[in-house]
Amino acid sequence: MKSRRLAVSLVAVVAVVAPVTAACTPVNTASTCTYLPANNVWHADISKLPVNAHSAAWMASSGGASSLHIHPDFGGPYGIPFNTVSGAHPKVTVRFDYADESDHVAYPLGSDTRIEDGSDAHALVVDSSTCKLYETWDTASTPTGWTAGSGAVYDLRSNALRPNGWTSADAAGLPILPGLLRYDEVESGKVDHAIRFTVSRSDASHLWPARHDAGSSNANLPPMGARFRLKANYSTRGLRADTVAVLNAMKKYGMIVADNGSNFYFQGATDSRWPDALLDQLKAVPASAFEAIDESSLMASPNSGQVK
């Protein structure tokens, strides 16, 4: 269930440099589009960054000080599907509930569009000819046309962020697709990005690169955009290779608070190939093995996702 409020703060800070990956995974083998540029914050190595001063409080408020385990919010028919289309795909006008914070362009939606099951009803579509990513939530095709809660369009070749204070298909104002785990990357052993996850309660503020928030004013709650990582000393010995690939990504790239939902639920793309054994091993990881980090030193500009 989404809650929407206008943004009230953005933390802007400067400091040291951290490395990023040298290359990014293409959207598909027939496309030159990637999931944002290699120097984007979603691809930044945060393994050596300092622990955030609010880490203990944020962990406690999100269940990290209890017996809670992380939860893969995908598998089999579950997850968030995404669509890849060509530039020839018909586009439609969409009516938005949050029209003042939505991108008013034509969206490549149709009867062939796979929409997420459940109340959020996300629709994610990549136009492989333009590398544009179109995302909506509460998406529906009605007798009088397409409707959605809000809509956001991203150029996957660009580090540009949404206007500060604007929502997206996520409460954080961030794109969803770059933060989803995808079967092919996990199976290959190369996950090169942070992972989208949710917390049940968030502060009424947001941290770069987030642009929007949806919470109540409480500094003990993590803001949208807060980044967490799996502690370096968490042992992966004896685990499946695909499990290790996910956990290594959580250590190197971490997870970003993107929306309100169940605590420490992290998202992946819908795919019937997800093995139950992988999901079971991920469910055994305690939330207490994570810590919040301070990534403010990565920011090159408050209006760009590019890292220094």
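1. Contacts of Glu116. In this predicted model, Glu116 touches Gly79, Ile80, Pro81, Ala121 and His122, leaving aside neighbours within four places in sequence. Glu116 sits in the loop between strand 4 (94-96) and strand 5 (123-127). Its side chain makes a polar contact with the side chain of His122, at 2.6 Å.

2. Charge at Glu116. Glu116 is buried but has no salt bridge. The nearest side chain of opposite charge is Arg196, 6.5 Å away. A salt bridge requires the nitrogen and the carboxyl oxygen to lie within 4 Å. Please check this site by eye, starting from the polar contact with His122.

3. Arg196 and its partners. Where does the side chain of Arg196 find a salt bridge? Arg196 meets Asp170, with N to O at 2.5 Å. Arg196 belongs to strand 10, whereas Asp170 lies in the loop between strand 9 (150-155) and helix 2, so the pair ties together parts 26 residues apart in sequence. Both residues are buried. Salt bridges with shared partners join Asp170, Arg196 and Asp259 into one network.

4. Strand 12 covers residues 227-230. Arg227 and Arg229 point one way, Phe228 and Leu230 the other. All of them are buried. In general, side chains of a regular strand alternate between the two faces of the sheet.

5. Strand 12, its neighbours. Strand 12 pairs with strand 13 (residues 255-260) in the antiparallel sense, over two bridges. Strand 12 also pairs with strand 15 (residues 290-293), again antiparallel, over four bridges. Phe228 has a bridge partner in each: Met255 in strand 13 and Ala292 in strand 15.

6. Arg227 and Glu295. Arg227 forms a salt bridge with Glu295, the closest N and O atoms being 2.8 Å apart. Arg227 is in strand 12 and Glu295 in the segment after strand 15, so this pair ties together parts 68 residues apart in sequence. Arg227 and Glu295 are both buried.

7. Salt bridges overall. How many salt bridges does the structure hold? The total is 11. Another of them joins the side chains of Arg240 and Asp242, at 2.7 Å from N to O. Arg240 is partly exposed, with a relative accessible area of 32%. Asp242 has 13% relative accessibility and counts as buried, because the cut-off for buried is under 20%.

8. Tyr183 and Trp274. The count of aromatic pairs is 10. One of them is Tyr183 with Trp274, edge-to-face, at 5.8 Å centre to centre and 85° between the planes. Tyr183 is in helix 2 (residues 183-188), and Trp274 is in the loop between strand 14 (265-266) and helix 4 (276-283). The two are 91 residues apart, and the pair links distant parts of the chain. Tyr183 counts as buried at 17% relative accessibility, and Trp274 does so at 5%.

9. Phe197 and Phe228. What is the geometry of the pair formed by the rings of Phe197 and Phe228? The centres are 5.5 Å apart and the planes stand at 80°, so the pair is edge-to-face. Phe197 comes from strand 10 (residues 195-199) and Phe228 from strand 12, 31 residues apart. Relative accessibility is 0% for Phe197 and 1% for Phe228. Both count as buried.

10. The ring cluster. Ring pairs link Phe197 and Phe228 into a cluster with Trp58, Phe264 and Phe290.

Methods:
Residues are numbered from 1 along each chain as its sequence is written. This is a predicted model: local features need pLDDT of at least 70, side-chain atom pairs count only at pLDDT 80 or more; totals for chains, interfaces and linings use all residues. Side-chain values use heavy atoms; hydrogens and water are left out. Buried means under 20% relative accessible area, exposed over 50%, partly exposed in between (1.4 Å probe, protein chains only). Two strands pair if DSSP finds at least two bridges between them. Lys and Arg count as positive and Asp and Glu as negative; His and the chain ends are not counted. A polar contact is a pair of N or O atoms within 3.5 Å; within protein, one must be able to donate a hydrogen and the other to accept it, and residues adjacent in sequence count only if both atoms are side-chain atoms. Contact means heavy atoms within 4.5 Å. Rings of Phe, Tyr and Trp (its six-membered ring) pair if their centres lie within 6.5 Å; planes under 30 degrees apart count as stacked, over 60 as edge-to-face and the rest as tilted.
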